[in-house]
Amino acid sequence: MEERVHPELRTMLSVMPELNFDRENLEPMRKAMDEMFVGAPQNPALSIEDRFIPAADGEYQLRVRVYSPRTKTETLPGILYIHGGGYIVGSVETFDDTCQELAHDLSSVVVSVDYRLAPEHPYPIPLEDCYSALLWFAANAVEMGVDPARIAVVGASAGGGLTAAVSMLARDRNGPAIAFQMPLYPMIDDRHITVSSNEITDHRVWNAKFNRQGWEMYLGELAGGEVSPYAAPARATDFSRLPPTYTCIGDLDPFRDETIEYVLKLTQAKVPVEFHLYPGCFHGFEHSVPNASVSKRAKQEYNQALKRALHKE
């Protein structure tokens with residue numbers, strides 16, 4: 001692994017601990033991830049509040065965290081943010097800094113979805129939670145000072161998979177129009193049939209074993225059987241009429257090949273796509289090693305793409 005990793009990432013990789021996504025270790029991992037961000041500074045230029053909205057089942061109250069610039073001189077675009085974590089870990093707390101940056105740097109109102117996690121809540125619950133948040137955001141956009149015609153859906157890893165699935169669901173249910181989607185290094189193929197999905201075995205990064213565990217827990221009883229393209233968007237046969245798209249991936253990411261195939265299918269369906277492949281970069285490298293120049297470049301490139309799409313620059 002070290003021989004193939006980008007030189008700027010090697011030092012940090014050498015001290016990264018091994019990860020463990022076994023079922024019995026999920027709860028400790030979830031708590032540890034959230035505790036890392038407890039007490040993180042809040043940008044004083046932002047208003048941040050938790051709201052509770054009805055989930056699709058009409059009983060569960062779904063938490064969303066709304067980030068809004070305190071000073072608004074015009075109607076702003078909106079970003080529905082869907083966090084990553086292999087469908088099994090992560091929360092709005094874990095990605096609080098990311099959402100604050102998006103709201104502040106892109107002059108946007110961000111709604112972050114605290115969707116329910118597998119294995120306690122397998123597919124379709126996490127997806128329906130995210131779609132419920134999209135419906136709520138679109139219905140309340142004007143009240144929040146957001147242009148409903150400029151709402152993007154953004155997420156990385158499992159959040160990228162849910163981003164791709166929400167876009168398909170909105171298209172097929174005649175739901176809210178999505179102006180732009182940004183599924184970064186998305187987790188979209190449960191079949192483990194590509195070269196990249198099997199070649200990464202290092203336990204310090206998301207690898208083939210963790211990927212299988214994540215999919216098995218997310219799909220539950222469906223694992224190994226008939227799987228809907230809304231669960232695994234790589235299985236879709238219709239990629240037409242989806243929103244303009246930006247995505248990127250490192251070439252040491254298990255999702256490399258499925259992302260490239262996804263980009264190809266979108267392009268063949270005449271969906272505008274911008275795609276970047278970063279040599280020597282592993283899964284989530286820009287968050288694991290944020291000070292590396294390649295990480296800063298990747299983050300700047302995808303945030304600029306989002307800004308251009310939402311502000312029509």
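Select lysine 299 and glutamate 101 in this predicted model: their side chains meet in a salt bridge, 2.8 Å from N to O. Lysine 299 sits in helix α10 (residues 293–311) and glutamate 101 in helix α3 (residues 96–105), so the pair ties together parts 198 residues apart in sequence. Now color by accessibility. Lysine 299 is partly exposed, at 26% relative accessible area. Glutamate 101 is also partly exposed, at 31%.

Next, pick arginine 65 and aspartate 50. Here the side chains form a salt bridge of 2.6 Å, N to O. This pair links distant parts of the chain: arginine 65 belongs to strand β2 (residues 61–69), aspartate 50 to strand β1 (residues 46–54), and 15 residues separate them. Arginine 65 has 12% relative accessibility, so it counts as buried. Aspartate 50 is partly exposed, at 32%.

The structure holds 24 salt bridges.

Move on to threonine 194. Find it in the loop between β6 (180–184) and α6 (196–199). Is threonine 194 buried or exposed? Its relative accessibility is 9%, so it counts as buried. Which residues does threonine 194 contact, leaving aside neighbours within four places in sequence? They are Pro254, Asp257, Glu258 and Glu261.

Last stop: follow that contact to aspartate 257. Its side chain meets that of arginine 256 in a salt bridge, 2.8 Å from N to O. Both aspartate 257 and arginine 256 are buried.

Note on methods. Residues are numbered from 1 along each chain as its sequence is written. This is a predicted model: local features need pLDDT of at least 70, side-chain atom pairs count only at pLDDT 80 or more; totals for chains, interfaces and linings use all residues. Side-chain values use heavy atoms; hydrogens and water are left out. Helices (H or I, at least four residues) and strands (E, at least two) are DSSP runs, numbered from the N terminus. Buried means under 20% relative accessible area, exposed over 50%, partly exposed in between (1.4 Å probe, protein chains only). Contact means heavy atoms within 4.5 Å. A salt bridge is a side-chain nitrogen of Lys or Arg within 4 Å of a carboxyl oxygen of Asp or Glu.
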